[in-house]
Amino acid sequence: PATIDIPITAINDALVISSVAESLTYTEGGADVGVASRFTISDIDGNSVHSASVTIDNVQTGDLLKVTATDPIITPTYANGVLTLSGVSDLITYQEMLAKVMFSNTADKPSTVDRLVTIEVTDVDQFGAVGESTSVTRTVSVQGVNDAPILDAPILNVSQLSASFTEGDAALHLFEASGVEVSDADDTLLSGATVSMTSGYRPGEDILTVTGLPAGITAVFSNISGALILAGEATLANYITALSAITYTDVSDAPSTIGRTISLVVTDPQGQNSNSINLALSVKGVADAPEMNLNGMESGTGHRVVFVNSLYPDGVAIAAKAKLSDIDSPNIGSVTVTLTGESTDTLTLSESAQALVKANAMTLENTGTVLHFSSAASATVYESLLQGVLYTSTAEQGSDRSVSVRVVDASDSS
């Protein structure tokens with residue numbers, strides 16, 4: 001019988017990539033996503049892999065691929081959306097390396113376009129050379145996350161903001177000196193800001209105001225809560241201008257000197273609040289002089305009386321309607337009544353006034369023309385004393401005399 005030799009040439013079969021269907025989603029700032037974590041690689045006629053690549057076909061700003069595993073033979077390199085694995089190794093090793101390929105994005109506002117990621121694996125042919133390539137494409141969804149706006153005070157340390165207001169001062173700009181700045185990684189607008197007194201607020205006394213607001217921003221102050229609310233969508237720069245114009249004033253004549261804490265927060269159009277900047281505000285009072293009116297409720301503070309010997313043998317009251325008050329001090333410290341006249345003139349006290357001096361343990365210095373009362377007592381007590389100061393004279397007639405009254409409160413204001 002004849003023998004026929006039939007040559008058989010082996011042909012390299014491409015390897016096969018199998019995967020389990022799954023939804024791949026990357027969330028901004030979240031965990032990296034494995035693009036081939038559930039892949040298996042098989043090859044009917046071999047066990048060697050020459051190389052592999054993972055390519056983001058529509059790469060966007062901030063996209064990144066990396067492999068979190070290492071191998072002494074396989075070398076990873078990444079550039080422009082392509083991660084390449086080089087070095088001949090077995091199927092299982094490449095499968096394990098690909099399972100550790102991770103997608104992420106470093107942008108603060110990543111594109112939310114779905115990424116098409118192609119995984120390509122190349123085997124080794126029967127001659128040990130580069131063989132056939134097999135590829136699959138997967139879709140990775142990208143979800144953005146709203147970034148909160150950030151408040152900063154670069155001129156001063158944020159944790160050390162402080163200010164001081166003294167009674168009677170002009171309105172105090174709270175944030176102008178600190179150079180408050182606002183930034184937002186994924187927004188160019190703000191929708192609002194809140195300046196609130198989180199401690200120490202005195203309703204009817206503390207006032208927050210803002211003038212010269214940029215277009216699009218409105219402001220409302222609540223006397224109940226002590227909060228100034230700015231609202232309206234406007235640029236970051238316009239809100240910085242508005243914040244620099246916010247002022248504080250205390251309208252009381254006797255302000256509370258308890259410290260106030262003022263907090264600032266801004267809000268982006270998605271309703272997310274920034275960090276807060278706190279300002280420690282100290283309020284200082286100024287001693288107000290007592291108010292005196294020698295003629296009671298009538299106009300003017302002076303008073304004129306007529307003395308006739310025969311009508312007022314015990315003396316005439318120089319200020320029978322005197323009124324005395326002090327808005328920021330409960331007590332008066334001293335009162336001095338001085339008579340400028342003739343040697344025949346004398347200042348004395350009525351019996352009721354003498355009783356008041358004794359009852360309040362006051363020190364009384366009386367030279368006849370000068371009465372000096374000293375001792376802390378209420379304005380009401382001193383008011384009654386003034387009403388009881390009498391003028392008398394042995395002269396039958398003469399020119400007008402003058403009497404001056406000086407009142408000093410407990411804080412030494414007069």
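Reader: First up, is Asp-32 buried, exposed or partly exposed?
Author: This is a predicted model. In it, Asp-32 counts as partly exposed, because its relative accessibility is 28% and buried means under 20%.
Reader: Which residue forms a salt bridge with Asp-32?
Author: Lys-66 does, with the closest N and O atoms 3.1 Å apart. Lys-66 sits in strand β6, and Asp-32 in the loop between β2 and β3. They are 34 residues apart, so-called distant parts of the chain. Lys-66 is partly exposed too, at 36% relative accessibility.
Reader: How many salt bridges are there in the whole structure?
Author: A search finds eight.
Reader: OK, what does Arg-115 pair with?
Author: Arg-115 meets Asp-63 in a salt bridge, 2.8 Å from N to O. Arg-115 lies in strand β10 and Asp-63 in strand β6, so the pair ties together parts that are 52 residues apart in sequence.
Reader: Is Arg-115 buried or exposed?
Author: Buried, at 0% relative accessibility. Asp-63 is buried as well, with 8%.
Reader: Why can such side chains pair at all?
Author: Their charges are opposite, and they can pair when the charged atoms come close.
Reader: New topic. Which residues are linked in a network of salt bridges?
Author: Glu-205, Asp-206, Asp-250 and Arg-260. Within it, Arg-260 bridges to Asp-206, the closest N and O atoms being 2.9 Å apart. Arg-260 is in strand β21 and Asp-206 in strand β17, 54 residues apart.
Reader: And is Asp-206 buried or exposed?
Author: Asp-206 is buried, at 0% relative accessibility. Arg-260 is buried at 1%.

Definitions and conventions
Residues numbered from 1 in each chain as written. Predicted model: local features only at pLDDT ≥ 70, side-chain atom pairs only at ≥ 80, totals over all residues. Heavy atoms only, no water. Salt bridge = Lys/Arg side-chain N within 4 Å of Asp/Glu carboxyl O. Helix = DSSP H or I, 4+ residues; strand = E, 2+ residues; numbered from the N terminus. Buried < 20%, exposed > 50% of the residue type's maximum accessible area, 1.4 Å probe, protein only.
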